[in-house]
Amino acid sequence: MRATLKFKLFAIVAACAVALIALTVWSGIAERTIETQVNGIRDTYLPKIRLRPQLTAAFDRMSRTIQNAFEASDADLLGAANAEHDALVKIVADSHDALTMEQAAALRFSIEEYYASAIATTRRLIAGEGGEATQSAVQDMQSKRERIAAQIEQATAFDEHALTDAFAAAKAAQHSATLVRIVVGSLCIVAVLAISIWIGTVVFASLGALIAGFERFGKNDFTTPIVTASRDELADVAQRANQMAAQLQRLDEDRANTEWVERGLAGLGDELRGELEPRDVARRTIEYLARYVQAPVGALYHGPASGPYELLASYALPANLAPASFARGEGLVGEAAARKSLTIIDATAGGLVLRSGLVEVAPRTLVLAPISRGDSVSGVLELGVIRPWRQLDTELLERASETIAIVLEAANTRAATRELLDRTQRQAHELERASATLEQRAIELARASAYKSQFLASMSHELRTPLNAIIGFSEIMYNGEFAVDPELAHEYLGDILSSGRHLLQLINDVLDLAKVEAGKLEFHPEPLALTRVVGEVLAVLRTTSAKQQVEVTTEIDPSVEQLVLDPGRLKQVLYNYISNALKFTPPRGRVVVRGVSSGPERVRIEVVDTGSGIAPDQIGRLFGDFQQTAEGAKRSDSTGLGLALTKRVVEAQGGEVGVTSKVGEGSTFFAILPRRSGETTRTIAASTLHVIQSTPSAPTILVVEDEPADRARLTSALADAGYTVESVATGAEALARCADRAYDAITLDLLLPDMTGLEVLQKLRAGKNGEVPVIVVTVVAERGAVAGFHVHDMLAKPLSDSALLASLKRAGVTPDGRTIVLVVDDDPTALKVMAASLSKLGYQAVCEADPVRGLRAATEQPPAAIVLDLIMPGMTGFEFLDQLRTTPTAHAVPVIVWTSKDLSDDERARLRKSAHAVVSKGNEGNARVVAELASVLPAKRKLVV
Amino acid sequence: MRALACLIVVATILPGPVSLATSARAESSVSVRVIVNAKNPVARLERRFVADAFLKKRTRWDDDSAIQPVDLGQRSSERAEFSHEVLDRDVSSVRRYWAQQVFSGRGVPPPEVSNDADVVRWVAEHPGGIGYVAAGTGLNGVKTVEIE
């Protein structure tokens, strides 16, 4: 039978009930017994106890009544005693419960006797009888009375011991009953408790098992079912719970499986987050999946849908084991791609063995999962696993497939995009660099501007110094203020000449510097022999060295003998260094010119002297503009620009300069130059011939000049002077022209791109122009360079037009007519003075008082120059200038403003743009105007003189 | 009891004649006279003795003969006077005393006679008799005792 919970509860209740009933019954019985006993005591003793006072009282009342009658001596009162007697008798009769029949009868008899005796005696006493008889009657009565008392006493007496015993018995019975009750009650309680505890233990054990079980289930531990201690409803509950747990366990496993897959996918998603390269995507994918499915080895092949599939990444794959690519359908990989479904192969027999540091393992199963999106397969994922392959793993791979495909696709797209972006970025960088360069350039320009101001200030000072000497000595001699003896005059002329040369050198240097600054310094590198170039320079300086008594030696390393450099610029550098060395080396000193290698690409040229040396604090200033050492500054033949120029010239070719010196021992100046710099040859234009036709009778000048700016300048200067000009840029062309015709004069640049000027000179002398005056124009300011050649004159670049024209005049080559200068001024006196001054100088002055007419004249026949007043009726000089500059014919005519007006800054600025010079009337006089004219016009007669 | 009575009688006899007249009280107001048998030697009695004899607290004369007191009826003035003077309580009180005595079996009151003459006669007839009568009553066979 099943001990159901209900039954157990019923058992407890029943046990309780039985115990209660037993206790109650037993109690009832005990109560009853005790009650009987007590009732017995009561029935036995109570009537007697009650009867005694009743009887005594009734008897006393009766006696009292008789006594009262005696006291009152009234026999009639004895009738009342009769009633009392009856009452007493009645009491006795009614006391059958207390008295036995015998006792009652005896008592009744005694009462009757006493009553009769008392009545009789009392009557006698009332009657006054006394005496013996009465006395005995009284005694008799008294004895009877005593007998009654004794009878009452006897009849109502009871045994106190008996009573005590009875009570003791009752009490004992009660005690035993109580004892039994306690014992029975205790037994019942113990029994009920025992039953309850037993049942409770069983039930609670089951409940405990249930609770523990539910807790386990709550913690997702479904492995242990609930086992109850009893077979009751709790067992049913446990069974249901176990069924539920089994169900939950199945669900949990399902969920865990789903979760495993989802987590795997999520993890893969995390792993592939970010902008990754396709190779990174593949590597992360295969590493992640191999770890996740516990595959010791894996590989990922990727490629277009049509194949081939290349090995993009692998995991723990032994080197040289996997082919780099598979075509679609080729091998297992290709086959898996073609089938588009997961392939699982038992690989135990495959023989693939993976080695760790400790063991070798062979994958049991090979899994090939195509990476596909829709129908398009973009790769194959290959995994080798040791543990059994599960359906779950398949699900994971199948679901991961599309993600991987998409990410790979995205990575590919991104890589392409990134490449584009990189290109754009590079372009942006280049733009940025260009912008930075521009900025740098702007800064340099600003710096250059500041430098220029400083430079101009220095230069004006430097220029003024020799001019001072020239003008001063000239004035002394010209004015003839005192008699000049020929010796002194010769000395003065020598000073003037040296100052003039110094000035010329200065100007040449300045112009060179200006060119460098303007970036117009051009280099024409050509193969040369260093020894020869040094020799040429030393030849030029031979006089100086001889005068200084300094021995000059050359030490040229053969490895640097052959160089490709601009020889002119190289000579310039050498000339500067060597002439400097000579200047500062005392007699019997030594100067060494040394050419050594400075790396395979460069040559180091040193000029070492045994001069005074340079103090360290002055070395830094050496290569600055107009910076001279204290010693150098003392010398008149030092411009302070030589080294600055050298530095620029060298640096412009990508080289560097420097000096090391020790005071008292000497200095070493060096220049490091590239062995081959820039282009070696210049592109020669097909033809550079340019002809400006003047009047037909005008003499024709051939200008041989490769520098376009110089050529244009020479050409226009000559054309302005009235010559017909032909210009060419190359020696070959020049020779070709010279072969065609004879020229009245030739200006020849010594530095030409195709050949040297001297070569040209040599060749043209052999042709039609054998005797033509040739004016050599060159930056190489060396008189000796043309030694031995037949030249008319040698002019240093930059060339002043007047010097050229003067040279031509000296050669007797002059254009026809006189130069017309238009003078526009409303003041006739001014016109007259100016006309006189100009004609004295050989100009033809055309005077015009009306500015409007003057303007027309200038337009119709452009003069060589215009001298213009500002304040005029009809038209101001400003208006005149504005209109003049817009005319097609006369817009380039130089104008010298000659005015008495005080000019404001604005006006000065305006004039600066359109006029060549502004001269104040009165203050500076005509001479200044003439000087200005001379600067813009070729001088005429005066220079001829 | 008998012995006691004898003692009382002896006691009564031994002190000699006691005159009632010597009793101050009797002298002043008593109009009743205590009488005894003429042969009774006692001439004077203490009032106390008389009271005890009548209340039967003393039952013997000094010569050990029984004292036999006799009373007048309860309504007689002499009795009232005697009770008052000698017993020092009223008649009903004496009666109550006797009721207690009688119904406790200890004794009976002295017999009562209706007049003084009967008292005299009764005393004369009883040797140990003692009673009281109004003054002037013929004392035949009795004698008056002085109460002191």
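## First stop: a loop residue in chain A

Select R588(A): this residue counts as exposed because it has 10 C-beta neighbours inside 10 Å. The cut-offs are these: a residue is buried if 20 or more other C-beta atoms lie within 10 Å of its own, exposed if 12 or fewer, and partly exposed in between, with C-beta atoms placed from the backbone. R588(A) sits in the loop between helix 13 (567–584) and strand 12 (590–597) of chain A. Helices (H or I, at least four residues) and strands (E, at least two) are DSSP runs, numbered from the N terminus. Check the backbone here: R588(A) is not a glycine, yet its phi is positive, at about 65 degrees.

Two notes on the model before moving on. This is a predicted model, in which local features need pLDDT of at least 70 and side-chain atom pairs count only at pLDDT 80 or more, while totals for chains, interfaces and linings use all residues. Residues are numbered from 1 along each chain as its sequence is written, and chains are lettered from A and ligands numbered from 1 in the order in which they are written.

## Chain A as a whole

Select chain A. It has 26 helices and 26 strands. Of its 945 residues, 33% count as buried. Among contacts between residues at least 6 apart in sequence, 67% join residues at least 24 apart; two residues are in contact if their C-beta atoms, placed from the backbone, lie within 7 Å.

Now colour by pLDDT, the predictor's confidence in each residue, from 0 to 100. The mean for chain A is 80, and 90% of its residues reach 70 or more. Over residues 679–686 of chain A the pLDDT is below 50, and this stretch has ten contacts in the model beyond near neighbours in sequence. Residues 939–945 of chain A also stay under 50, with 17 contacts beyond four places in sequence.

## Helix 2 of chain A

Select residues 78–94 of chain A, which form helix 2. Its 17 residues should span 24 Å at 1.5 Å a residue, and the end C-alpha atoms are 24 Å apart, so the two agree. The expected span is 1.5 Å times one less than the number of residues.

Which residues of helix 2 of chain A are buried? They are A81(A), H85(A), L88(A) and V92(A). Look down the axis of helix 2 of chain A: the buried residues fall within an arc of 65 degrees, so they line one face of the helix. The arc is that of the directions from the helix axis to the C-beta atoms. These buried residues pack against helix 1 (5–72) and helix 3 (101–126) of chain A. On the other side of helix 2 of chain A, the exposed residues are G79(A), A83(A), D86(A), K90(A) and A93(A).

## Strand 24 of chain A

Select residues 865–868 of chain A, strand 24. In a regular strand the side chains alternate between the two faces of the sheet. Here both faces are covered: A865(A) and V867(A) lie on one side, I866(A) and L868(A) on the other, and all are buried.

Strand 22 (residues 820–824) of chain A pairs with strand 24 of chain A in the parallel sense over four bridges, with L822(A) partnered by I866(A). Strand 25 (residues 895–899) of chain A is also parallel to strand 24 of chain A, joined by three bridges. There V895(A) stands opposite I866(A).

## Chain B and the interface

Select chain B. Its mean pLDDT is 77, and 80% of its residues reach 70 or more. Over residues 1–29 of chain B the pLDDT is below 50, although this stretch has 85 contacts in the model beyond near neighbours in sequence.

Go to D64(B), in the loop between strand 3 (61–62) and strand 4 of chain B. Its phi is positive, near 70 degrees, and it is a residue other than glycine. D64(B) counts as buried because it has 20 C-beta neighbours inside 10 Å.

Finally, show both chains: 14 residues of chain B are in contact with 17 residues of chain A. Helix 5 (residues 91–103) of chain B gives the most to the chain B side, with five residues. The predictor gives the complex an ipTM of 0.73 and a pTM of 0.33.

Methods:
Pairing = 2+ DSSP bridges.
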